[in-house]
Amino acid sequence: MIINTVVEYKQPVKILYIEDNNASRLLVQRVLGSKGYEVYVANDGLEGITIAREQQPRLILMDINLPNMDGREITTRLRSIPHFANTPIVALTANNSPGSRELALAAGCTGFLTKPINVSQFPKQVEDFLQGRTEPLSETERAQHLQLHAQKLVERLESKVRELENVNKRLRELDQMKSDFIVLVSHELRTPLTLISGYSYLLEENLKRADKMVVAESLSNVAAGLNLGVARMQEVIDEIINFSRVAAGMLDLSFGPVSLQALFNDIDQEFSKICEKRHLNLHMGDFYHLPLIEGDGNQLRLAFSNLLSNAIKFTPDGGHIYVVGRTVGNIVEVLVRDTGIGIPAEEQGRIFEQFYVLGSIEHHSTSKHAFQGGGLGLGLAVAKGIFEAHNGRISVESERRDFDNLPGSTFHIFLPIKRQL
Ligand code: ADP
């Protein structure tokens with residue numbers, strides 16, 4: 001005889017636990033999981049509300065001290081969703097200071113349990129709430145604590161609005177900085193382009209007169225002018241490409257032993273002409289006594305070049321620039337000091353940000369190393385990115401910005417001698 005049986009598969013009861021502490025989550029998952037519950041966990045309120053909507057748990061365990069929205073706020077929010085109007089929501093918190101139970105119940109919690117949980121009693125406590133247990137709260141207490149809860153909500157709302165306003169302000173500033181950056185880039189590219197188009201025109205005119213002999217000297221002048229324009233365009237483009245690599249964290253560093261002596265020799269050569277032209281005294285210290293450091297020589301040269309380039313730009317003709325180095329334990333410290341216009345104290349944190357150009361961009365001269373010459377506001381951001389990719393850091397010291405008394409600026413660069421993996 002064949003007996004037809006209908007096998008009923010009992011669905012496990014779903015419980016959601018909103019908790020940011022991993023150890024607490026694991027413990028509750030293990031204790032309730034072993035009793036056949038299906039436990040979902042969420043890290044914070046927003047994730048909790050989403051999971052609650054998706055999984056529709058039969059009971060929610062709620063930590064109170066959570067980032068962003070706290071457990072009471074999440075409970076109040078969940079209670080406003082018709083589906084969760086009667087779902088048991090049990091506060092599970094380490095904070096059992098006077099009033100916190102009442103506050104949680106007034107916010108909409110069904111019960112209040114304290115952490116650490118008692119492993120042997122916990123499943124029974126959860127079962128009771130599933131069976132309809134609710135913790136009592138007198139009407140007067142509820143009214144009192146509801147008012148307190150409402151006050152706390154408004155206070156939090158106010159601080160969130162302020163926070164958002166600040167973020168918004170910061171985003172608007174960034175947006176403005178990016179717009180200024182586009183103006184600067186177009187300006188920096190247009191100037192050499194004008195040079196190139198002028199010289200190309202000259203070349204064309206010269207060649208049109210093919211019957212006459214084109215004087216080699218004039219052709220060589222034209223070529224020099226073209227080269228100058230192209231080189232400047234190349235510099236601007238390289239700076240942007242370099243910056244985007246640093247910003248995207250895509251600096252491809254090839255580490256090896258770097259001699260700071262050799263590096264600063266190169267830099268000395270790179271800037272000697274412009275320093276001579278502007279009567280700037282570049283004092284390079286002695287780096288022979290410093291150990292080789294492990295780094296990417298090309299990138300470090302670029303970073304220091306940016307610092308020197310700034311020192312030159314912001315020091316009037318006839319001023320001094322000093323570059324010295326010393327070893328402090330397993331770190332090399334390099335100082336780049338100038339006798340220039342200085343940097344206002346309130347701007348010192350911001351000059352390392354991308355696109356940040358101090359002062360009005362209309363006043364930027366386009367000639368790269370002239371006093372207050374043009375820049376894209378990327379030099380220091382790139383330098384900082386490179387030093388940090390070497391586990392180093394950069395900071396600045398300057399009294400103020402003063403065009404008359406020239407307080408100068410000092411940049412400190414700290415680089416570990418050995419690469420830190
Ligand atoms: P830029 O490429 O435009 O020079 P940076 O990121 O290198 O941009 O520098 C940002 C700002 O920091 C500059 O616009 C300048 O006002 C200020 N600054 C940087 N170095 C110096 C310095 N040595 N002396 C005075 N101001 C400086």
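User: What should I know before I start reading?

Analyst: The model is predicted, so local features need pLDDT of at least 70 and side-chain atom pairs count only at pLDDT 80 or more, while totals for chains, interfaces and linings use all residues. Residues are numbered from 1 along each chain as its sequence is written, and side-chain values use heavy atoms, with hydrogens and water left out.

User: How many helices and strands does the protein have?

Analyst: Helices (H or I, at least four residues) and strands (E, at least two) are DSSP runs, numbered from the N terminus. This protein has 10 helices and 12 strands.

User: What does the radius of gyration say about the protein?

Analyst: The radius is taken over C-alpha atoms, and the globule rule to compare it with is 2.2 Å times the number of residues to the power 0.38. Here the radius of gyration is 34 Å, well over the 22 Å that the rule gives for 421 residues, so the protein is more spread out than a compact globule. Along the principal axes, the C-alpha atoms fill a box of roughly 115 × 55 × 50 Å.

User: What share of the residues counts as buried?

Analyst: Buried means under 20% relative accessible area, exposed over 50%, and partly exposed in between (1.4 Å probe, protein chains only). Of the 421 residues, 41% count as buried.

User: Which residues of helix 4 are buried?

Analyst: Helix 4 spans residues 100-107, and seven of its eight residues are buried. They are S100, E102, L103, A104, L105, A106 and A107. These buried residues pack against helix 3, strand 4 (89-93), strand 5 and helix 6 (139-208). After helix 4 comes G108, with a positive phi near 125 degrees.

User: How many salt bridges does the structure hold?

Analyst: Side chains of opposite charge can pair when their charged atoms come close. A salt bridge is a side-chain nitrogen of Lys or Arg within 4 Å of a carboxyl oxygen of Asp or Glu. The structure holds 21 salt bridges.

User: Which parts of the chain does the D63 and K115 pair link?

Analyst: D63 forms a salt bridge with K115, with the closest N and O atoms 3.3 Å apart. The pair links distant parts of the chain, 52 residues apart: D63 is in the loop between strand 3 (59-62) and helix 3 (71-79), and K115 is in the loop between strand 5 (111-114) and helix 5 (122-130). Both D63 and K115 are buried.

User: Are the partners R400 and D402 buried or partly exposed?

Analyst: R400 and D402 meet in a salt bridge (3.0 Å, N to O). R400 counts as partly exposed because its relative accessibility is 33%, whereas D402, at 12%, counts as buried.

User: Which residues are linked in a network of salt bridges?

Analyst: R101, E102, R133 and E135 are linked in such a network.

Methods: Contact means heavy atoms within 4.5 Å.
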